[in-house]
Amino acid sequence: MPINRSIFSDHEGNSLRLSSVLQTEEQVFFEKFSIKYVVSGKENYTVNNRKIDLNEGEYITGNCNTTSTVLIDNPIPVRGICVDIAEQIITEVIEHKIQNPNKFGQFILEQQWMVQKSSLKNNTLGHELIKIAAEFDNLSKVDYPVNKSFFYTLAESIINDQVRIYQDFSKLKFVKEETNGHLFNFINDAKNYIDYNFLKEISIENIANEAKLSEYHFMRLFKTVFNKSPYQYLLEKKTRIRSLAVKGQVFNS
């Protein structure tokens, strides 16, 4: 039986909720801008007909055009944090930080292509979510500081991260935006596949199949979006972990 606790909500559309769930299969609603973060366990999402598995320390963002269901089936409760941020706050931060805010604002508040899986590492929103997760058991206390400033801080982190996603998306120049969006999702799914499987024996053919593209088309698009070939990206991942192993550092991809 799902256990959901509302920690904060206001009339503008800002909210913070906690969940602890063993089993469920249900529709998940996104507001103007929402974050779904897995603190522990695993959640299986279907987002706009696209399968996205979220493991501990991963999250997705979405907007009101995001159609989603979630499946949870775990022997111990899966803990999650859901955050909704009001359109007014997102818009204010965009206008302050972005030189040409209209197209970018439309991208993150209206387009479904901004929905990508992320880990807590190497992005600014991840650092903020780590702080929230560390206080998971204390969030329901009356004195926990959840206020408008809390949501502005999250919005600034979101914009910093979404700028990179928007820049990557804008590199695809097909006539139909829908084509750009589907290909962008395929390429990001392939990148995630490399991130989780680079220590295994995987080939570019395997990765291209994951992206549902021919090898040539996949390699060309990957380099267009990420400014490096999938071979280079895979090699960099392997080189980095070998370097960290030599130094005796623990590395988690």
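Q: What does contact mean when a residue such as Gly80 is said to be in contact with others?
A: Contact means that heavy atoms lie within 4.5 Å. In this predicted model, and leaving aside its neighbours within four places in sequence, Gly80 is in contact with Arg17, Leu18, Ser19, Tyr37, Val39, Glu43 and Phe136.

Q: Where does Gly80 sit, and is Gly80 buried or exposed?
A: Gly80 belongs to strand β7, which covers residues 67-84. A residue counts as buried under 20% relative accessible area, and Gly80, with a relative accessible area of 2%, is therefore buried.

Q: How many residues separate Gly80 from Tyr59 in sequence, and what is the distance in space?
A: Separation along the chain and distance in space are given as two values: Gly80 and Tyr59 are 21 residues apart in sequence, while from C-alpha to C-alpha they are 9.5 Å apart.

Q: How many disulfides does a search of the whole structure find?
A: A disulfide requires a pair of cysteine sulfur atoms within 2.5 Å, and the search of the whole structure finds zero of them. Cys64 is in no disulfide, since the nearest cysteine sulfur, that of Cys82, is 17 Å away.

Q: At what angle do helix α5 and helix α8 pack, and how far apart are their axes?
A: Helix α5 (residues 177-197) and helix α8 (residues 230-246) pack at an angle of about 30°, with their axes 10 Å apart. Angles under 35 degrees count as roughly parallel, so α5 and α8 are roughly parallel to each other. Their crossing is right-handed. On the α5 side the contact is made by Lys191, Ile194 and Asp195, and on the α8 side by Tyr233, Leu234 and Lys237; by class, the residues of this contact divide into three nonpolar, no polar and three charged.

Q: What angle do the axes of helix α1 and helix α2 make, and which residues meet?
A: The axes of α1 (residues 87-97) and α2 (residues 101-110) cross at roughly 145° and come within 10 Å, and this crossing is right-handed. From α1, Glu87, Ile90, Thr91, Ile94 and Glu95 meet Pro101, Phe104, Gly105, Ile108 and Leu109 of α2. The contact of α1 with α2 has six nonpolar, two polar and two charged residues.

Terms used:
Residues numbered from 1 in each chain as written. Predicted model: local features only at pLDDT ≥ 70, side-chain atom pairs only at ≥ 80, totals over all residues. Heavy atoms only, no water. Axes fitted to C-alpha atoms, helices over the stretch in contact; angles between N-to-C directions. Helix = DSSP H or I, 4+ residues; strand = E, 2+ residues; numbered from the N terminus. Parallel < 35°, antiparallel > 145°, perpendicular 65-115°, else oblique. Left-handed = near helix turned anticlockwise from the far one by under 90°. Nonpolar A, V, L, I, M, F, W, Y, C, P; charged D, E, K, R; others polar. Buried < 20%, exposed > 50% of the residue type's maximum accessible area, 1.4 Å probe, protein only.
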